[in-house]
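Good morning, and thank you for coming. Today I shall present some local features of one structure, which I ask you to keep in view as I speak.

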Amino acid sequence: MINMRKVNLFIPSAGLGTRLLPLTADLPKALVDVNGKPMIEHVLQQTKSEYINKTIVNVHHHSQKLVDYLQTYHKDVVISDESQLLLNTGGGLKKALEILNDDNFLLVHNVDIETDYHINNLIEIAVNQGDAMGYLIVSDRVSTRKLLFDEEMRLCGWHNCKTDEWIYSNSSRKYKYELAFSGIYAVSPRIKAYLSKVEEDSFELIPALLQIAETETFTGVNVSGFFFNDLGKFKR
C-alpha cells in the first residue's frame with residue numbers, strides 16, 4: 001500500500017445498548033468493559049492505521065461519559081453530538097459526513113463489532129477500487145438478516161430471515177448471494193449528495209442504501225473465514 005491516500009473513520013457509538021442491560025443502565029455501550037478495556041478501546045486499537053486522517057465518534061446514551069473518556073484518552077477524536085436526538089444508523093452517518101466535510105472516503109466500524117479483519121484491507125479496496133458508491137464487508141455466517149447481491153457482488157436487496165420479509169433494489173439485478181452484513185463498510189464522499197435528500201433527521205442505513213442502489217453500486221466484499229462477533233448482545 002504505497003502512497004495510499006488518507007481516509008476518515010467513523011465509529012458509531014450512540015446506540016442505547018438495550019441488549020446489554022443492566023450493564024448499560026448508567027453507562028454508554030461503548031464504555032462497557034470487554035476483557036479489561038472499554039469496548040470502544042478495542043475498536044480504536046483495531047482500526048489504528050497511518051492512513052486514517054480523522055476519526056469521528058457519535059454519542060447519545062450517557063453521552064457526557066463517553067465524551068469525557070475520549071477527551072481524556074483520545075483528544076484527536078471528533079465528536080458527533082446526538083445527545084438531543086438519536087439519529088439512527090443512517091442519520092448518524094449523514095451527520096458524520098457533514099461534520100467532516102471533505103472528499104475522503106469514510107470507513108465505518110460499529111463499536112460493538114469484534115473481528116480479526118483489519119481496516120487496512122478495506123482502505124486498500126476503497127482507494128484502489130473507488131468507483132463504487134460503497135463497499136460492504138459481508139460473510140457467509142448465521143444471521144437473522146442478510147443482504148442480497150447479484151453475481152457481480154452488487155447490492156440488490158435485503159432479507160429478514162426471521163419474518164421472511166424481502167426488499168429488492170434495482171430490478172435489473174437478480175440476486176445470487178445472500179450474506180450477513182458485518183457492520184463494517186466504506187462509502188464514497190459522493191454519498192453525501194444522496195443522503196442530503198433524506199428529509200428525516202433520524203433514519204436507518206440499509207433502506208437508504210437500497211434506495212441509492214437503484215442507480216449506484218454498492219459492492220459486497222466477502223470475507224468469509226474471518227472472525228466476527230457482535231458484542232452488543234449480552235450473552236456474547
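Contact, in this talk, means heavy atoms within 4.5 Å. The model is predicted, so local features need pLDDT of at least 70 and side-chain atom pairs count only at pLDDT 80 or more, while totals for chains, interfaces and linings use all residues. Residues are numbered from 1 along each chain as its sequence is written, and side-chain values use heavy atoms, with hydrogens and water left out.

I begin with Glu216. Glu216 sits in the loop between helix 6 (205–212) and strand 13 (218–222); helices (H or I, at least four residues) and strands (E, at least two) are DSSP runs numbered from the N terminus. Which residues does Glu216 touch, leaving aside its neighbours within four places in sequence? They are Met133, Arg173, Arg190 and Tyr194. With Tyr194 there is also a polar contact between the two side chains, at 2.5 Å. A polar contact is a pair of N or O atoms within 3.5 Å; within protein, one must be able to donate a hydrogen and the other to accept it, and residues adjacent in sequence count only if both atoms are side-chain atoms. Is Glu216 buried or exposed? Glu216 counts as buried because its relative accessible area is 17% (buried is under 20%, exposed over 50%, partly exposed in between, with a 1.4 Å probe and protein chains only).

Let us turn to a pair of helices. In helix 1 (residues 39–46), Ile40, Glu41 and Leu44 meet Leu66, Tyr69 and Leu70 of helix 2 (residues 63–73). The residues of this contact divide into five nonpolar, no polar and one charged. Here Ala, Val, Leu, Ile, Met, Phe, Trp, Tyr, Cys and Pro count as nonpolar, Asp, Glu, Lys and Arg as charged, and the others, Gly among them, as polar.

Finally, I come to the backbone. Most residues other than glycine have a negative phi, and most peptide bonds are trans. Leu21 and Pro22, however, are joined by a cis peptide bond, with omega about 5°, and Pro22 lies in the loop between strand 1 and strand 2. Asp164, in the loop between strand 10 (155–160) and strand 11 (165–168), has a positive phi near 60°. Asp164 is partly exposed, because its relative accessibility is 49%. Asn170 also has a positive phi, of about 60°, and lies in the loop between strand 11 and strand 12 (177–187). Asn170 is buried, at 11% relative accessibility.

Terms used: Axes are lines fitted to C-alpha atoms, for helices over the stretch in contact, and angles run from 0 to 180 degrees between N-to-C directions.
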